[in-house]
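This briefing is for a reader new to the structure shown below. It goes through sheets, nonpolar cores, aromatic rings and backbone angles in turn.

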Amino acid sequence: MAYTKNTWLPRIGTGLNKFTDQNGNEWTLTSAPTEVQQAGTPFTADWMNHIEDGIYNAAARADISSNPNLLINGGFTVWQRGESFTVGTSRIYTADRWYCVKLAGGAESATVSRTEDGMLVSGATVSIAYMLEPQDVALLQGKQLTLSIGVKNSDGSMKYITRPVEVTSAMVSLGGFTAGQTVCWAKLEMGEEATPFVPRSYGEELLACMRYYQKTGTVFCPGYITVGGASFTYMPPVPMRSVPTIGGNVNDMTVRPVDSDVIYQQTVGISSSQSSGDTLYLTTTAPGVTSNRPCVVQFWGLTLDAEVYS
């Protein structure tokens, strides 16, 4: 909000305590209180100007307050897949939500890695992009958007990039970054002007990233065996945007049937038609079990990938 500051001036003159009544009689008023228990705050022009300054500064801060960042993990703080990646000529996800590819020329491959400042590029020039979900593309098409990026050069100096962006597809490209540069943050926002980048907490960013990718710890799920196969459901701690692709330790399922020996190192599969982003219907083998019975399936280190690839 815009606020026009007033300047208060003291009243200056002579006989300022003289008054004339309706009959033309002149009176001089003199303060003569019986007792002053508290002097109070003087009502002066200086004090009113102090108040005006406070109102004006508060309004100015409101005018430059930060718009929300439309990019998840804009500060490159969440790296669920690992903290260093070799990047070739095929795009791969590195830091959560960030899609990287080596540009032509230079070394055969590049490396991007996690640092305290953000994403460090080494070896060759790397293009970094963010992938929007279809509903976000539809929401942002035709809108005035501004992209701003903070980059730390190899000599420690900072470079700030600001440019208008038009969303026409899922990919929002930050551009190419050369070896030795660290991309510290990126922000996409509504409007024609860039406002300050305000990082979210790590917990907020991690929860948002888990909609697209997560890695399980050790999990025990109740299941049921029918004719040599076990089925069970797993509910991710954060619902995913779609049925994910399963990776990681897919061949290390442990099936614990009731009244039967433990079965190790089985392979997991997913029934996409019976699954959703918040409930996964999983299956694994249970060789040697010839009758129906309850079981517990144990697994760890599964990766669930529901990222946007195109």
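Two strands count as paired if DSSP finds at least two bridges between them. By that rule, E13 and strand E22 (residues 302-305) are an antiparallel pair, with three bridges. The model is predicted.

**The three-strand sheet**

- Three strands make up an open sheet in the order E13-E22-E16, and their pairing is antiparallel.
- Strand E13 (213-215) and strand E16 (245-248) are at the edges; each has a single partner strand, so one side of each has no neighbour in the sheet.
- Ignoring direction, neighbouring strands of this sheet are turned by 20° against each other on average.
- Within the pairing of strands, tyrosine 213 is found opposite aspartate 305 in E22.
- Strands of a sheet pair through backbone hydrogen bonds, in either a parallel or an antiparallel way.

**The six-strand sheet**

- Another open sheet has six strands in the order E3-E6-E7-E12-E9-E10, with antiparallel pairing.
- E3 and strand E10 (158-165) are its edge strands, and each pairs on one side only.
- From one strand to the next, the twist averages 25°.
- Four bridges join E3 and strand E6 (residues 110-114) in the antiparallel sense.
- Serine 84 has serine 113 in E6 opposite to it.

**Nonpolar cores**

- In soluble globular proteins, nonpolar side chains tend to be buried together.
- The largest nonpolar core here has 40 residues, and Phe76, Trp98, Met119, Ile128, Leu174 and Phe177 have the most contacts inside it.
- Another core, of 23 residues, lies apart from the largest one; Met240, Val255, Phe299 and Ala306 are among its members.
- Beyond its neighbours within four places in sequence, methionine 119 has contacts that include Phe76, Trp79, Trp98, Cys100, Val112 and Ile128.
- Other contacts of methionine 119 include Thr94, Ser113, Gln181 and Thr182.

**A buried asparagine**

- Asparagine 73 belongs to the loop between helix H1 (45-63) and strand E3 (84-87).
- Is asparagine 73 buried or exposed? Its relative accessible area is 0%, so asparagine 73 is buried.
- Not counting residues up to four places away in sequence, asparagine 73 touches Val78, Ala95, Asp96, Trp98, Arg200, Glu205 and Cys209.

**Aromatic rings**

- A pair of aromatic rings is described by the distance of the centres and the angle of the planes.
- The model has 10 aromatic pairs.
- Tryptophan 98 and tyrosine 130 have ring centres 5.2 Å apart and planes at 65°; planes over 60 degrees apart count as edge-to-face, so this pair is edge-to-face.
- Tryptophan 98 is in strand E5 (residues 98-102) and tyrosine 130 in strand E8 (residues 126-131), so the pair ties together parts 32 residues apart in sequence.
- Tryptophan 98 is buried, at 0% relative accessibility, and tyrosine 130 is buried as well, with a relative accessible area of 2%.
- For tyrosine 99 and tyrosine 309, the ring centres are 5.9 Å apart and the planes stand at 80°, so this pair is also edge-to-face.
- Tyrosine 99 lies in strand E5 and tyrosine 309 in the segment after E22, so this pair ties together parts that are 210 residues apart in sequence.
- Tyrosine 99 counts as buried at 8% relative accessibility, whereas tyrosine 309 counts as partly exposed at 43%.
- Phe76, Trp98 and Tyr130 are linked into a cluster by ring pairs.

**Arginines over rings**

- Arginine 97 is placed over the face of tyrosine 130, 4.7 Å from the ring centre.
- Arginine 211 is placed over the face of tyrosine 212, 5.9 Å from the ring centre.

**Positive phi angles**

- Most residues other than glycine have a negative phi.
- Aspartate 259 is not a glycine, yet has a positive phi of about 60°.
- The position of aspartate 259 is the loop between strand E17 (253-257) and strand E18 (263-266), and aspartate 259 is exposed, with a relative accessible area of 74%.
- Glutamine 265, likewise not a glycine, has a positive phi of about 55°.
- Glutamine 265 is located in strand E18 and counts as exposed at 61% relative accessibility.

Methods. Residues are numbered from 1 along each chain as its sequence is written. This is a predicted model: local features need pLDDT of at least 70, side-chain atom pairs count only at pLDDT 80 or more; totals for chains, interfaces and linings use all residues. Side-chain values use heavy atoms; hydrogens and water are left out. Helices (H or I, at least four residues) and strands (E, at least two) are DSSP runs, numbered from the N terminus. Buried means under 20% relative accessible area, exposed over 50%, partly exposed in between (1.4 Å probe, protein chains only). Axes are lines fitted to C-alpha atoms, for helices over the stretch in contact, and angles run from 0 to 180 degrees between N-to-C directions. A nonpolar core is a set of buried Ala, Val, Leu, Ile, Met, Phe, Trp, Tyr and Cys residues joined through side-chain atoms within 4.5 Å. Contact means heavy atoms within 4.5 Å. Rings of Phe, Tyr and Trp (its six-membered ring) pair if their centres lie within 6.5 Å; planes under 30 degrees apart count as stacked, over 60 as edge-to-face and the rest as tilted. A charge sits over a ring if NZ of Lys or CZ of Arg is within 6 Å of the ring centre and within 35 degrees of the ring normal.
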